[in-house]
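Take a look at the structure shown here. The report after it picks out a few features to find for yourself.

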Amino acid sequence: MKARDSQSRPERAPIIRARQVSRRFGARGAECTAVSGVSFQVQPGEVVLLFGPSGSGKSTLLGLLGGLDRAYTGQLELFGQDLGRLSDRALSALRGERIGFVFQSFHLLEHLSVKDNVLAPSLFAGAPLPDIDRRADEVLERVGLLARAADSPSQLSGGQRQRVAIARALLRRPKLMLCDEPTGNLDRQTGESIIDLFGELHAELGTTFVIVTHEERLRRLGGRALHLEDGQLVREEPGILDDQTQAEATQGDASQGEAASSHSQSTERDDERGDHEPRRDAAQAEAAQGEATRGDAHGGQAPRVARAEDVE
Amino acid sequence: MTLRALMVLLGRDLARTRGPLVTAGFGIAVGVAALVFFLALGLGAQRVLLGDVFPIDQVELEPQKTSVGVLSLFGGEYQAPGVGPEALAELRQVPGVAAVYPKLRFRFPSSARGGAEIFGKEIGTHEMLGDGIDAALVSDLEDSARFVDPLTTPGKSCLTDADCAAKDYCERPSDAPSGQCSAPVPAVISRYLVEVFDHAVAPAHGLPPVAGTLVRQAKGVEFRMTLGTSLLGVAPRGKVRTVKIQVVGVSDRAVDLGVTLPIEVVRRWNDEYAGEEASRRYSSVVVRTDPPSATSRVIERGAALGLVPTDTRARDVSVLVSGVLALLVLVSSVILLVGALNISHTFRMLVSERSGEIALYRALGASARDMRRWLFSLATVVGLVGGLVGAGVARLCALLADWRAAVDLPAFPFKPDSFFDFPPWLFLLATGFAIAFAWLGALGPALRAARTDPASALGRPV
Ligand SMILES: Nc1ncnc2c1ncn2[C@@H]1O[C@H](COP(=O)(O)OP(=O)(O)OP(=O)(O)O)[C@@H](O)[C@H]1O
Ligand SMILES: [Mg+2]
């Protein structure tokens, strides 16, 4: 019902809009097409998972989405701005202010303390924020590492490092988080805690996530999944938690839900301007959060993929 | 990127990469030290050589000697060559000419005796040479006011010296019925004369040297000059008579060997012994220029008037000093270039070591320009510190060299207190050079850093 109501309102602009985006590498003759004619959109507040075999172009695509790589063909808009037309400075500012990156291998600077690592984006991006120091403490607190603020990253475990990297990505309250195999270098349990953290952040802040992964368990974050093969978008699966859309689309048969429209999520959020408002119904959010907290505490042994049936 | 952020980055670099950066800065410091040392030496040399030994903001022109010599072979009566009033007027018109001072050489034989006050006995010369110059030319005298024609204010009438005060004499031209009492005619002598006296004359005659502090006392030296006769003969006209001369100082403008008197006095005496014609034609003319570079124009104009510089040493020395200086600056520049290569190498290493870090910064919001700025700022710090250290080292080396020179080198004419000049702009120039060369070295790596593919941050670890 909610979704239908919002149909009448002007649709909120997608955060990412890709049309026939391709990326080739190598000299002519020995070309290699890493991304080939990819078109899709990501709406504010969505979680999108990028799946695909090794070498299928996931990282390449993520680099394009983050404006790190501009040697593409086709059209790519970020926050409504054509990436091809932005100057390097404008694009860099956009990256610094609105995008948070999380990398597979963390990318922490060993010569800096944990806190200075978290503060690193403040060196470059836009206008200096007055309360940036407190903000750094906040995000460190949020990832549970405030006590280690003065330590060197080398003294931390893999999961802790990834959490520092996430804190760094969160420093400037990005609208979009781009994560390249954030759990790829972590053992299973540690990976779980990171997934839980993403779930919490998504629930709390409504941040948009695009996550490259091999791991099916990330699907419990509820986003839709895009499958890449040889640089092409071959399949799109609806988000498992997109209950309302699914309910609407399949008329109650949520477990079989196929035609989930990612748009409905964002239209649903059109009237929810506050970043902290829960974006799913209360029961679901509670379940997710409860789980997330448990996962944080116990390393995540319970099967935590929230199924549509759970909600029903 | 804010300045504060830049400072933070630079501070971290200096803490993290101190060794290589110090090495890079060292190369620059050596180059700058060489550059500053040589330039200061060159400036010092130019000051001593061109300022004291061969002043070059002025040029003295005289009639071409060869042509005169040939003419005099055929001429019946010897016509003294000279610079006429028309030539003076023309030279005054040359742009950049500040002043034109004619010189009048003695056109009469003379001899001199005196000096008992400082030598304890009278000394003298049978052949006294000299000239007369404008008082403005001896402005380098401590007390140039004393260098004036004593008869500017007429003295009381006299027939012999006995009619005048003890220190004065009776200036009575050969055919005049009477004269006027005159104070001794002021004279300046050359430093060269003092040197010759001390090194050649004094030892031969068992006399004390007059150089150094004695130069000052020489101002009091009085002697009597006999006009109209010398060892070589007697003047064709005029009577032999004696006047009093008092040395009032040592001047660079004084004739090398002989005495230099106020030009009015020499004009009177030339009239008396060689005729008015002789006294109207000057023996040479000193042209003072501002800027000094105008001397070349003066020399050109003089050539058209049949006048040549009396002394080409100044030009030769100037060219020599500039040439040697240019060579040394070239050597220093090569050292600086090596320093720049050194910086280039260090920065290249730094950038490739940190390509992951740079890509990360790019992903975190650093623009290509931020990265360029970062590395150029780092180069600026290295260049600035290298430049300051280099300039400081050069200054120290100069002090050391001057000290060794003061201790080890024997006194010689024009021996200066310092062989170096360190004007403030030299330090500015040095640091400017240091930074410029540091930038030169950092240019490639900085551009490379700016080009670092931010997407590469995704793939590999920092
Ligand atoms: N800088 C590059 N130069 C040349 N080819 C590249 C470059 N980056 C990626 N490729 C090629 O593009 C294709 C896709 O690479 P990409 O890194 O995007 O794959 P991926 O899906 O992220 O793989 P993985 O799961 O192993 O990380 C590969 O064939 C790769 O060789
Ligand atoms: Mg990849």
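What follows is a short tour of strands, salt bridges and helices in a predicted model.

## A sheet in chain A

Strands of a sheet pair through backbone hydrogen bonds, and the pairing is either parallel or antiparallel. Chain A has an open sheet of 4 strands, in the order 2-1-4-5. Its pairing is antiparallel. Which strands stand at the edges? They are strand 2 and strand 5 (81-82) of chain A. Each has a single partner strand, so one side of each is left without a neighbour in the sheet.

Now follow the pairs. Strand 1 and strand 2 of chain A are joined antiparallel, over 7 bridges. Within this pairing, Arg23(A) has Val35(A) of strand 2 as its bridge partner. The two strands form a hairpin with 6 residues between them. There, Gly26(A) takes a positive phi near 85°. Strand 4 and strand 5 of chain A also run antiparallel, with 2 bridges joining them. Opposite Leu78(A) stands Gln81(A), in strand 5 of chain A.

## Salt bridges

How many salt bridges does the structure hold? Over all chains, there are 36. One of them joins Arg17(A) to Glu77(A), with the closest N and O atoms 3.3 Å apart. Arg17(A) sits in strand 1 (residues 16-25) of chain A, and Glu77(A) in strand 4 (residues 73-78) of chain A. The pair therefore links distant parts of the chain, 60 residues apart. Glu77(A) is buried, at 17%. The cut-off for buried is under 20%.

Glu46(A) and Arg224(A) meet in another salt bridge, at 2.5 Å from N to O. Glu46(A) lies in the loop between strand 2 (32-42) and strand 3 (47-51) of chain A, while Arg224(A) lies in strand 9 (residues 224-229) of chain A. So the pair ties together parts that are 178 residues apart in sequence. Both Glu46(A) and Arg224(A) are buried.

## Helices of chain A

A salt bridge also joins two helices. Asp137(A) and Lys115(A) form it, with their closest N and O atoms 2.9 Å apart. Asp137(A) belongs to helix 5 (residues 132-142) of chain A, and Lys115(A) to helix 4 (residues 114-119) of chain A, so parts 22 residues apart in sequence are tied together. Asp137(A) is partly exposed, with 26% relative accessibility. Lys115(A) is buried, with 15%. Elsewhere, salt bridges that share partners form one network of Arg188(A), Glu192(A), Asp196(A), Glu215(A), Arg217(A) and Arg220(A).

Helix 2 (residues 58-65) of chain A is mostly covered. Of its 8 residues, 7 are buried. Among them are Lys58(A), Thr60(A) and Leu61(A). After helix 2 of chain A comes Gly67(A), with a positive phi near 70°.

## Two packed helices in chain B

Two packed helices are described by the angle between their axes and the distance between the axes. In chain B, helix 13 (residues 368-408) packs with helix 14 (residues 424-451) at an angle of about 150°. Their axes are 7 Å apart. Angles over 145 degrees count as roughly antiparallel. Helix 13 and helix 14 of chain B are therefore roughly antiparallel to each other.

Helix 13 of chain B passes helix 14 of chain B in a right-handed crossing. Which kinds of residue make the contact of helix 13 with helix 14 of chain B? There are 20 nonpolar, 4 polar and 2 charged residues.

Conventions. Residues numbered from 1 in each chain as written. Chains lettered and ligands numbered in written order. Predicted model: local features only at pLDDT ≥ 70, side-chain atom pairs only at ≥ 80, totals over all residues. Heavy atoms only, no water. Axes fitted to C-alpha atoms, helices over the stretch in contact; angles between N-to-C directions. Parallel < 35°, antiparallel > 145°, perpendicular 65-115°, else oblique. Left-handed = near helix turned anticlockwise from the far one by under 90°. Nonpolar A, V, L, I, M, F, W, Y, C, P; charged D, E, K, R; others polar. Buried < 20%, exposed > 50% of the residue type's maximum accessible area, 1.4 Å probe, protein only. Salt bridge = Lys/Arg side-chain N within 4 Å of Asp/Glu carboxyl O. Pairing = 2+ DSSP bridges.
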